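Open the model in your viewer and keep the selection tool at hand. The stops below are meant to be taken in order.

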Amino acid sequence: MSKFLFTGDFEINASKQMLYQYLNSASGLSQWFADDVTIDEDKVYNFIWDEEDHKAKMVSHRTNHYVKFEFLPENGEHDDDPAYFEIRLELNELTQSVFIKITDYSEMEDVDELYDLWQGLIDNLKETVGG
């Protein structure tokens, strides 16, 4: 099945330093992103939505700037084209506004549905941080 690349920008009233803790830790992510998030001894994140496990590795990150998670294949085989999502924190120098830039590479291809999904998640984050 082919994958689709979605990108979206969402403004948020919070500092990059404050937001980053909600992007890279299991406790932070479980407050807004998934029903629950755990990390095992191999640093594999388990995102739980509707009682289903979705395992991912944080493949890159830069403190206070971005995180990128790549989903692991469910059958344990190698995937040459893994699904991933990246969350970047960007500061508009002119307005001093912080934006969350989402890159979502997955099998979901309905742009409106993806936008609504991420808008809902970002709204959860705003509620959590008061931004």
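Begin by selecting Asp 50, which counts as exposed because its relative accessible area is 67%, where exposed means over 50%, buried under 20% and partly exposed in between, with a 1.4 Å probe and protein chains only. Asp 50 sits in the loop between β3 and β4, the strands (E, at least two residues) being DSSP runs numbered from the N terminus. Its phi is near 50 degrees, a positive value in a residue other than glycine. Most residues other than glycine have a negative phi.

Before moving on, note that this is a predicted model, in which local features need pLDDT of at least 70 and side-chain atom pairs count only at pLDDT 80 or more, while totals for chains, interfaces and linings use all residues. Residues are numbered from 1 along each chain as its sequence is written, and side-chain values use heavy atoms, with hydrogens and water left out.

Next, select Glu 51, which also lies in the loop between β3 and β4 (52-62) and is classed as exposed because its relative accessibility is 79%. Then extend the selection to Asp 35, Asp 36, Asp 50, Glu 52, Asp 53 and Glu 74, which together with Glu 51 form a negative surface patch; such a patch joins like charges within 9 Å, from residues with over 30% relative accessible area and no salt bridge.

Now go to the loop between β2 (36-39) and β3 (44-49), where Asp 40 is found; Asp 40 counts as partly exposed because its relative accessibility is 33%. Which backbone nitrogen lies 2.8 Å from a polar atom of the side chain of Asp 40? It is that of Asp 42, and the backbone nitrogen of Val 44 lies 3.0 Å from a polar atom of the side chain of Asp 40.

Stay in the loop between β2 and β3 and select Lys 43, whose phi is near 65 degrees, a positive value in a residue other than glycine. Lys 43 counts as exposed because its relative accessibility is 62%.

For the last stop, display Glu 86 and Arg 88, whose side chains meet in a salt bridge at 2.9 Å, N to O, the term requiring a side-chain nitrogen of Lys or Arg within 4 Å of a carboxyl oxygen of Asp or Glu. A search of the whole structure finds one salt bridge. Glu 86 is buried because its relative accessible area is 13%, whereas Arg 88 is partly exposed because its relative accessible area is 28%.

Notes:
Helix = DSSP H or I, 4+ residues; strand = E, 2+ residues; numbered from the N terminus. Polar contact = N/O pair within 3.5 Å; in protein donor to acceptor, adjacent residues only side chain to side chain. Patch = residues over 30% accessible without salt bridge, like charges linked within 9 Å, V, L, I, M, F, W, Y side chains within 5 Å. Areas by Shrake-Rupley, 256 points an atom, 1.4 Å probe, with all protein chains shown as cover. Lys, Arg positive; Asp, Glu negative; His and termini not counted. Charge placed at Lys NZ, Arg CZ, Asp CG, Glu CD.
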